[in-house]
Amino acid sequence: MGSEPVKLTSDWMAVLRAREHAQPDAYLNDPCAAVFVTPASEAGVDTVRADALPSAVVPLRGRLGDLTLLSSGVRQAVCLGSGTDARAYRLPVEPSLVYYEVDLPGQLDGKAELLAAAGFGARCEVRVVEADLRLDWGPALVEAGFSVTEPACWIADGLFYYLTPAQTHAVLDSVSALAAPGSWLTFDVPHELFLQDPVMQPFLREMALRGVPFVGALRDPATLLARHGWSASAALHREIAAGACRWLPPLPQRLRTPAMDLWLVRARHP
Ligand SMILES: C[S@@+](CC[C@H](N)C(=O)[O-])C[C@H]1O[C@@H](n2cnc3c(N)ncnc32)[C@H](O)[C@@H]1O
């Protein structure tokens with residue numbers, strides 16, 4: 001798959017999802033994740049400040065996207081910053097679903113082949129859209145066949161860490177302009193407090209040194225989305241860990257600590 005520095009983050013996510021899948025009480029079932037795991041990506045996860053890597057949120061946002069997509073009843077889904085996401089290959093989606101995987105040019109090269117070699121075929125039509133989400137990407141999605149008059153499920157797992165607040169606002173502006181009534185949206189994004197947390201500073205410095213700085217943060221995603229007409233729920237990982245979120249299944253103990261100021265967001269376009 002692709003060669004951008006941010007690519008390594010997607011490989012790390014596969015390691016974390018594969019490890020969660022291997023748990024007897026897995027919060028996220030992702031049998032495809034192991035396909036993307038290499039000794040280098042395992043070593044990366046283990047060496048990059050393992051205690052500060054915000055890994056607990058990865059199965060959490062994965063489960064949120066799974067539950068939302070499967071209950072949405074929509075016929076199109078868009079995964080922004082798709083990377084090693086394999087929902088189209090592992091979830092019991094309707095064959096009539098069209099699943100758009102959007103990522104930087106080259107990042108998804110070889111992905112379908114790797115999955116196929118491991119025996120995972122797509123359960124619906126998958127369309128890859130190569131686009132830089134910092135630019136004007138909507139036309140490429142529509143060009144690929146996305147319908148702006150039909151509801152869709154939008155999922156952005158682990159993307160907004162790498163976009164500035166202004167770029168994140170622009171992506172959410174575009175999603176809101178493209179989303180028909182009845183659409184769903186899930187994503188995770190740091191709260192500003194996360195970037196300021198002294199405990200996170202060594203990890204954040206390391207990510208910057210690797211060429212993939214965490215630059216994204218939103219103070220109040222639910223209010224921001226409400227301005228765009230979405231009905232949104234947002235909860236911080238630390239609130240979910242404390243059992244204060246009713247729209248996600250309770251977390252096993254291993255995903256509750258360390259409690260972090262990372263938002264999980266679920267929204268519906270009425
Ligand atoms: C942390 S990974 C998450 C991948 C996947 N969603 C997951 O949770 O496993 C971030 C993904 O966002 C993609 N990405 C980062 N910046 C992007 C941009 N400007 N445009 C499109 N994709 C981008 C990366 O290539 C990478 O696949």
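**Figure 1. Burial of helix α1 in the predicted model.** In this predicted model, helix α1 is mostly covered, with 12 of its 15 residues buried. The buried set consists of K7, T9, S10, D11, W12, M13, A14, V15, L16, R17, A18 and E20. Among the elements that cover these residues of α1 are α2 (39-47), α3 and α9 (201-209). The helix comprises residues 7-21; at 1.5 Å a residue its 15 residues should span 21 Å, and the end C-alpha atoms of α1 are 21 Å apart, which agrees with that expectation.

**Figure 2. Packing of α1 against α2.** The two helices pack at an angle of about 85°, and their axes are 9 Å apart. This angle makes α1 roughly perpendicular to α2. On the α1 side the meeting residues are D11, W12, V15, L16 and R19, and on the α2 side they are S41, E42, G44, V45 and D46. Of the α1 residues in this view, D11, W12, V15 and L16 also belong to the buried set of the helix.

Figure 3. Seven strands form an open sheet in the order β3-β2-β1-β4-β5-β7-β6, and their pairing is mixed. The edge positions are taken by β3 (125-130) and β6 (231-236); each has a single partner strand, so one side of each is left without a neighbour in the sheet. On average, and with direction ignored, neighbouring strands of the sheet are turned by 15° against each other.

Figure 4. Strand β1 (residues 76-80) runs parallel to strand β2 (residues 98-103), and 5 bridges join the two. Helix α3 (residues 57-72) packs on the sheet and touches β1, β2, β4 (153-156), β5 (184-190) and β7 (262-268). The direction of α3 makes about 5° with that of β7. Helix α7 (residues 165-178) also packs on the sheet, where it touches β1, β4 and β5. The direction of α7 makes about 175° with that of β5.

Figure 5. Strands β1 and β4 pair in the parallel sense over 3 bridges, and V78 has W154 in β4 as its bridge partner. Strands β4 and β5 likewise run parallel, joined by 4 bridges. Along this pairing, C153 stands opposite W184 in β5, and I155 has T186 in β5 as its bridge partner.

Figure 6. V98 is located in strand β2 and is buried, with a relative accessible area of 15%. When residues up to four places away in sequence are not counted, V98 touches R75, Q76, A77, E125 and R127. A180 is 82 residues from V98 in sequence, and the two C-alpha atoms are 16 Å apart in space.

Figure 7. T168 has its place in helix α7. The residue is buried, with a relative accessible area of 1%. Leaving aside neighbours within four places in sequence, T168 is in contact with F160, L163 and L218.

Figure 8. A disulfide is a covalent bond between the sulfur atoms of two cysteines. The structure holds 0 disulfides. The cysteine sulfur closest to that of C79 belongs to C153 and is 9.4 Å away, too far for a bond. C79 is buried, with a relative accessible area of 2%. C124 is in no disulfide either, as the nearest cysteine sulfur, that of C79, is 12 Å away. C124 is also buried, with a relative accessible area of 9%.

Note on methods. Residues numbered from 1 in each chain as written. Predicted model: local features only at pLDDT ≥ 70, side-chain atom pairs only at ≥ 80, totals over all residues. Heavy atoms only, no water. Pairing = 2+ DSSP bridges. Axes fitted to C-alpha atoms, helices over the stretch in contact; angles between N-to-C directions. Contact = heavy atoms within 4.5 Å. Disulfide = S-S within 2.5 Å. Buried < 20%, exposed > 50% of the residue type's maximum accessible area, 1.4 Å probe, protein only. Expected span 1.5 Å × (residues − 1). Parallel < 35°, antiparallel > 145°, perpendicular 65-115°, else oblique.
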